[in-house]
Amino acid sequence: AEHPPKFEGTESEKTAMPTYKLTYFNFAGAAEKLRIAFKVGGVEFEDERIEFSAWPELKPKTPYGQMPLLSIDGKAPVAQSGAILRYIGRIADLYPSDADKALEVDEVIGLDEDLMRSMGPSFTIARAPQALGHAADLPEEDRKALQVKLRAALAADEIPRFLGYFEAKLAKTGTGYFVGTKPTIADCVVLATLRALKSGWLDGIPTTLADSKPLLSAFYERMMAIPALKEYYAAK
């Protein structure tokens, strides 16, 4: 498998490189695609993970009351994971300079975002049922029952449908990656999603949903074999 080269430069060049600090909670979530992109691109970064107990104090100090955050050279942090993802893509050569190829990358990312959006209500029902038209004090057992119902529908229809789109895209490119012949941020995004689906922490979502997709399964193994990712996940 082809892996992106790590940065190799003189000591002065390395010293002159910016420093990056990525801040998020101590789980995968919206930051995992960014961590993956940093690792695949061979860009060193500080992976700052905060506990939920620290969030109330930090939240008012953030630009928009949300994470992940990226600080560059200790400057004021920037937010929005999509913007951060494309920034990493540019500095790590994981985002094509060619407009047509960049469009293909963004198409795959948008498809993944649609999948995540379809799953949103199954998360919202557990923490803010009132946002879905239920009582704010809905009992925990009722929240869980509704979540199970939503997740069952996702596992039966929406998730397999999107996985089929990804499988077809890989068949079309024929390179083992979603765009071109080497990893891009599109691959980083889909890998993060596949890892979430396979993790077992999404109650009601079978961990085997992607197993019936041979190209997607091979893609997963190919990405996970990248030395930097292999080392990163082995340490967890």
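Biologist: In this predicted model, how do the residues lining the largest pocket divide into nonpolar, polar and charged?
Modeller: The lining of the largest pocket holds 44 residues. Its residues divide into ten polar, 13 charged and 21 nonpolar.

Biologist: Which element gives the most to the lining of the largest pocket?
Modeller: Elements that each supply at least two lining residues are β1 (20-25), α2 (32-41), α4 (81-91), α5 (99-127), α6 (140-173) and α7 (185-199). The most, ten residues, comes from α5.

Biologist: How much space lies in the largest pocket, and which residues are the closest to its centre?
Modeller: The space in the largest pocket is about 1,500 Å³. Of its lining residues, the closest to the centre are Tyr24, Phe27, Gly29, Ala30 and Phe123.

Biologist: How many of the residues of α7 are buried?
Modeller: α7 has 15 residues and reaches 21 Å from its first C-alpha to its last, close to the 21 Å expected. The cover over its buried residues includes α2, α4, α5, α6, α8 (214-224) and α9 (227-234). Among the buried residues are Ile185, Cys188 and Leu197. Of the 15 residues of α7, the number buried is twelve.

Biologist: Which residue just after α7 takes a positive phi?
Modeller: The positive phi is about 90°. The residue that takes it, just after α7, is Gly200.

How values were computed
Residues numbered from 1 in each chain as written. Predicted model: local features only at pLDDT ≥ 70, side-chain atom pairs only at ≥ 80, totals over all residues. Heavy atoms only, no water. 1 Å grid on protein atoms, 1.4 Å probe; cavity = no way out; pocket = protein on both sides within 12 Å on 5 of 7 lines; lining within 4 Å. Points joined across faces, edges and corners; volume = space filled by probe spheres on them. Helix = DSSP H or I, 4+ residues; strand = E, 2+ residues; numbered from the N terminus. Nonpolar A, V, L, I, M, F, W, Y, C, P; charged D, E, K, R; others polar. Expected span 1.5 Å × (residues − 1). Buried < 20%, exposed > 50% of the residue type's maximum accessible area, 1.4 Å probe, protein only. Contact = heavy atoms within 4.5 Å.
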